[in-house]
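Student: I have a structure to go through with you. Can we start at the ligand?

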Amino acid sequence: MPIYKAPLRDMKFAMQELFANSEQSSLPVFENLSEQDIDMILAEAAKFCENILFPLNLSGDTEGCHWENREVRTPKGFKEAYKEFVDSGWASLACEPEFGGQGLPETIALAVEEMVCSSNLSFGLYPGLTRGAYQLLLKHGTNELKHHYLPKMVEGVWSGTMCLTEPHCGTDLGLVRTKALSQSDGSYKITGTKIFISSGEHDLTENIIHFVLARTPEGPLGIRGVSLFLVPKFLTNSNGEIMERNAVYCDSIEHKMGLKGSATCVLNFEEATGWLVGTLYKGVANMFTMMNNERLAVGNQGLGIAEISYQNALIYAKERLQGRALTGVKYPEKAADPIIVHPDVRKMLLTMKAYNEGNRMLGTWVAFHSIRSQTAENESEREEADDFVQLMTPIIKAFMTDCGTEVASLGVQIYGGHGYIHEHGMEQYMRDARIAQIYEGTNGVQALDLVGRKIPTATGRYLRRFFHPVYDYIQEKQQDELLAEFIGPLHKAFDRLQQATISLAQRGLSNPNEIGAAASDYLRMFALTAHAYLWAQACEVAYAKRDGHDKAFYESKIITARFFMQKILPQTSSLFACIMAGSKPLMEFKEEAFGPF
Ligand SMILES: Cc1cc2nc3c(=O)[nH]c(=O)nc-3n(C[C@H](O)[C@H](O)[C@H](O)COP(=O)(O)OP(=O)(O)OC[C@H]3O[C@@H](n4cnc5c(N)ncnc54)[C@H](O)[C@@H]3O)c2cc1C
């Protein structure tokens, strides 16, 4: 049976030590929050995740969700766990006090979400989607809609969904066919079929609030004619009391590879009553508030799964006895040495550890900017922080979920054949992790967003929010002997990233396929360079603190950073070569040449 222990020490490092002298110290939202308060909140969340959610993970995967008569029952124990989740206030951490939220910083919510994703990703999707829906309504809803729906969503007694996908319409949202007909009372009648809707129907909340993309008949064709509507499962009176059932029904749930405790629904809207959210025809742009929020959350899902995979692989590698160390017997009293003595196993473990800790720093770094983008005192500071979040969102989504699958797969590998067997739990992590590379915009589409949209924005304004601080940091630390082994590789990777950026910007002007062909490699190269920048700073902190208590923790940071610089970061060199090879090797290939022969 797998175990889970929330990585509180490393979370504290990312949240309270790494950025202690920069972003965090100047954010007003932290003013009345001591270090001890944060430790206490996270320790309580850890208890909940370890003791309540985690024990339901394997059983939820085995049992799955049940569909009958257009209703869905979640796996045994989910309902009680959900009640405890909302009663303990975990649903409302970073929500606005005006709507009943606790107004805590997003970095805390991020850490709690990581724990939820590690302990039970399927469960995490139910409150996770609600948080995105909350952000969407908060930003684009009328006051009336906000005051009617947000308090119950924040409380967790109503949940939210995101209804984009249709059978013929996935990535290309301009193909949406669901119809919205305006009514004389200002509402709309929504008709159409949405597929793959996470938490579209379930038994955890009193009401489910769907956010639906649909088109009005008079609107323009394509993406410019799509609008956003709020469609509740139950209609309510002005006091928010549940009245009659609205005409939106779940006609089946998907049988899928993983996330079996999460209901993935086909929803039929049969002239269901809905209300416009935001301006007509701005549906996709407004939906991006939710999608961007979810993209950051999905990146965190990748980290959550990767963390639990690592923890279990590490225990196994220390216990499993096979073969002897290449340099001679290490444990003569045992029948064989534990597999952690083998270089190949160490390489897998260190890769997992380096990606996880790097991604935790990356996610926290972006979360600080997200807080700053909403709460900084002056407009230019808010804009600067928002630019950075925009730039990093596709990187967080794609790189952290790619790592989720890679790390989960390494976890299976370390377990050998036992990793492939259900009862050990490792194969579930691999199955659960896989979808995160697909939903919320596939990782290929994230890469196109980065290279095709984010980088050229305002002639590189977003990009400068990353390039300038990294450049300045390298200049500042170039003569630092202690950090030389980290700054050197960072400098090389950064130079390559700059060269690739300039080359792509030029080549992309005359041939857009150059962008498409390079995008995924470029995104990975960017992410690894960002990791290198964060690892260098982590080492600075670790060197400064390693002579106090927690010496082993800080020493481990330095050694992990060394491994990252020497064994992972060199990937940027081959990625650079692939980017520079251009689109020709892909595009000169005639379709017939793919076969079949
Ligand atoms: C378990 C699960 C939960 C989900 N939850 C939700 C939900 O809550 N709400 C919701 O609305 N949807 C949800 N989805 C749907 C999900 O977001 C889509 O599956 C995803 O966006 C991809 O769409 P698609 O499956 O139609 O693939 P397609 O769009 O058909 O893409 C197929 C392949 O082509 C590539 N491709 C497509 N267009 C381009 C392009 N322009 N350039 C380059 N490559 C391209 C893609 O990267 C992909 O590899 C869920 C799906 C699953 C499986």
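Student: How far does a polar side-chain atom of Thr-165 lie from a nitrogen atom of the ligand?

Tutor: The distance is 2.7 Å, a polar contact being a pair of N or O atoms within 3.5 Å. This is a predicted model, where local features need pLDDT of at least 70, side-chain atom pairs count only at 80 or more, and totals for chains, interfaces and linings use all residues. Residues are numbered from 1 along each chain as its sequence is written, and side-chain values use heavy atoms, leaving out hydrogens and water.

Student: And which ligand atom does a backbone N or O atom of Met-162 lie 2.7 Å from?

Tutor: A nitrogen atom. For Leu-164, a backbone N or O atom is 2.9 Å from an oxygen atom of the ligand.

Student: What is the make-up of the shell around the ligand?

Tutor: Nine nonpolar, six polar and two charged residues. Here Ala, Val, Leu, Ile, Met, Phe, Trp, Tyr, Cys and Pro are nonpolar, Asp, Glu, Lys and Arg charged, and the others, Gly among them, polar.

Student: Which strand gives the most to that shell?

Tutor: β5, with three residues. Strands are DSSP runs of E, at least two residues, numbered from the N terminus.

Student: What box do the C-alpha atoms fill?

Tutor: Roughly 80 × 65 × 60 Å, along the principal axes.

Definitions and conventions
Polar contact = N/O pair within 3.5 Å; in protein donor to acceptor, adjacent residues only side chain to side chain. Helix = DSSP H or I, 4+ residues; strand = E, 2+ residues; numbered from the N terminus.
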